[in-house]
Amino acid sequence: SIHSEGYTIEQGQGKSYNTDAGTFTPIATLNSNYKWSDGSISTKTLSWSIAKADSSITVSSDELTLNTSNLSATITVDNILNRTVSVSSSNTSVATVSISGDTITISHVNMTSGSATITVSTQETTNYLSSSKSIDVTASFIDSVLNNNDWATIKSVAASGGSYWAV
């Protein structure tokens, strides 16, 4: 209960106030010899809401490329509320992902070319909304069999002057 010279506020279940997100309807009861500004003396039900807070997270990069020069990459997540962060890959045959502390590591899978989206997220809780960020991953590896490469890959090798395939 919250007690004042002129009133008492009770919320029920032994709570007089609440700091969690939600809607609250405490009851205000006047002490004897007091009246409300409208002249009444009856108990009044109050009502207010506390909204869930945004749990925004940020990542140091929202896109990256994996290739023979860059087999894995690390990205930092800024989690100012120190909430539990989870990570997942949309295409685990191209890129895998793990997290340790605030460092996200994204790695190639068998030098497979393709794309994946890494999702970094927090879950909704009593007081906070969920939050997520996406990281677009492009894996671009040169296959040792000429016919297994697309034209863009073949052109990139030809432009570099490399000798990759015996003809």
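Biologist: Before we start, what should I know about the model and the numbering?
Modeller: The model is a predicted one, in which local features need pLDDT of at least 70 and side-chain atom pairs count only at pLDDT 80 or more, while totals for chains, interfaces and linings use all residues. Residues are numbered from 1 along each chain as its sequence is written, and side-chain values use heavy atoms, with hydrogens and water left out.

Biologist: How many helices and strands does the protein have?
Modeller: The secondary structure comes to 1 helix and 14 strands, where helices (H or I, at least four residues) and strands (E, at least two) are DSSP runs numbered from the N terminus.

Biologist: And what share of the residues is buried?
Modeller: Of the 167 residues, 26% count as buried; buried means under 20% relative accessible area, exposed means over 50%, and partly exposed lies in between, with a 1.4 Å probe and protein chains only. The accessible surface comes to about 10700 Å², and 48% of that belongs to carbon and sulfur atoms, with areas taken from the Shrake-Rupley method with a 1.4 Å probe and, for residues, only the protein chains shown counting as cover.

Biologist: Now the sheets: which strands form the mixed one?
Modeller: It is an open sheet of 4 strands in the order β8-β14-β13-β10, with mixed pairing, and two strands pair if DSSP finds at least two bridges between them. β8 (63–66) and β10 (86–89) stand at the edges with a single partner strand each, so one side of each is left without a neighbour in the sheet. The twist averages 20° from one strand to the next, using axes that are lines fitted to C-alpha atoms (for helices over the stretch in contact) and angles that run from 0 to 180 degrees between N-to-C directions.

Biologist: How many bridges join β13 to β14?
Modeller: Strand β13 (residues 114–122) and strand β14 (residues 131–139) run antiparallel and are joined by 9 bridges, and I118 stands opposite I135 in β14.

Biologist: Which strands make up the antiparallel open sheet of 4 strands?
Modeller: That sheet has the order β7-β9-β12-β11. Its edges are β7 (58–59) and β11, each with a single partner strand, so one side of each has no neighbour in the sheet. Further in, β9 and β12 pair in the antiparallel sense over 5 bridges, and the bridge partner of T76 in β12 is T103.

Biologist: Switching to β4, which of its residues are on the covered face?
Modeller: Strand β4 (residues 27–30) has A28 and L30 on its covered face, whereas I27 and T29 are on the uncovered one. Strand β2 (residues 7–10) runs antiparallel to β4 and is joined to it by 4 bridges, with I27 as the bridge partner of E10. Strand β5 (residues 44–45) is also antiparallel to β4, through 2 bridges, and there A28 has K44 as its partner.

Biologist: What about the core, and which residues touch the most other members?
Modeller: The largest nonpolar core has 19 residues, of which L64, L66, I106, V120, I135 and V137 touch the most other members; such a core is a set of buried Ala, Val, Leu, Ile, Met, Phe, Trp, Tyr and Cys residues joined through side-chain atoms within 4.5 Å. At least two residues of this core come from each of β8, β9 (72–78), β11 (95–100), β12 (103–108), β13 and β14.

Biologist: What does V120 touch?
Modeller: Not counting residues up to four places away in sequence, V120 touches several residues, including I57, V77, V87, I104 and I135, where contact means heavy atoms within 4.5 Å.

Biologist: On to the loops: is N79 buried or exposed?
Modeller: N79, found in the loop between β9 and β10, is buried, with a relative accessible area of 16%. Its side chain reaches the backbone oxygen of R83 at 2.5 Å.

Biologist: And where does L129 lie?
Modeller: L129 lies in the loop between β13 and β14 and counts as partly exposed at 37% relative accessibility. L129 and A53 are 76 residues apart in sequence and 6.1 Å apart in space, C-alpha to C-alpha.

Biologist: Which loop holds N33?
Modeller: N33 is in the loop between β4 and β5, is exposed with a relative accessible area of 80%, and has a positive phi of about 70° although it is not a glycine.

Key: Polar contact = N/O pair within 3.5 Å; in protein donor to acceptor, adjacent residues only side chain to side chain.
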